[in-house]
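Dear colleague,

I am handing over the structure below, together with a short account of what was found in it. Please read the notes with the model open beside them.

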Amino acid sequence: MKFKKILKALAATLMFAVTEMVFSSTIQAKYVGHNATPTELRGNWYAYKGHNKWTHIKITKHAFIYDGKVSCSLNKNGVRKLHVMRYKQNGRPYYDMNKSNYHYQEIGSFWLSRSKVQGRRVMKSYYNMGYFTVYTRNKIKHDYSYEVKGAGYMQQIGK
């Protein structure tokens, strides 16, 4: 009889501990799939080209629009079909927006950087040869893009 009481008390304590662990853990948003862009990248982004002109990128849930032209979306086929791939470099995620067979078909890699311009985080992209483009949420007359020379440019992806 005493053994059953001890067993019940032990089971109740174990259930309480498991329930506490499940409900006290922090909840973070997870990457949901390949057919939707990450929410942190959605919106309008601008990069200054000089002479009062900007490159404009609009990222919606199911489309990537570059200077007014749909570069990839769910409605397209082949390399122009939206297929978001998530990678990690330096412990931080970056995203490719389409599957490509050849390098020239790629749109590039995009990530939300910890760097800030006027108190707001910027989006960075990498396409080729160590050149990084920096996009801001507002039209700012300054080009924040940069180039990394040498073999160390791959360490800059995701930063």
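Please keep in mind that this is a predicted model. I begin with a residue in a loop: N52 sits between β1 and β2. Its phi is near 55°, which is a positive value in a residue other than glycine. In general, most residues other than glycine have a negative phi. N52 has a relative accessible area of 48%, so it counts as partly exposed.

The largest nonpolar core contains 15 residues. Within this core, L41, I57, M97, F110 and M123 have the most contacts. Two or more residues of the core come from each of β1 (43–50), β2 (53–59), β5 (82–89), β6 (92–98) and β7 (109–117). There is also a second, separate core of six residues, including Y94, W111, Y126 and I157.

Finally, which residues is M123 in contact with, leaving aside its neighbours within four places in sequence? They are L41, W45, I57, I59, F110, W111, L112, T133, V134 and Y135.

With kind regards

Methods. Residues are numbered from 1 along each chain as its sequence is written. This is a predicted model: local features need pLDDT of at least 70, side-chain atom pairs count only at pLDDT 80 or more; totals for chains, interfaces and linings use all residues. Side-chain values use heavy atoms; hydrogens and water are left out. A nonpolar core is a set of buried Ala, Val, Leu, Ile, Met, Phe, Trp, Tyr and Cys residues joined through side-chain atoms within 4.5 Å. Buried means under 20% relative accessible area, exposed over 50%, partly exposed in between (1.4 Å probe, protein chains only). Helices (H or I, at least four residues) and strands (E, at least two) are DSSP runs, numbered from the N terminus. Contact means heavy atoms within 4.5 Å.
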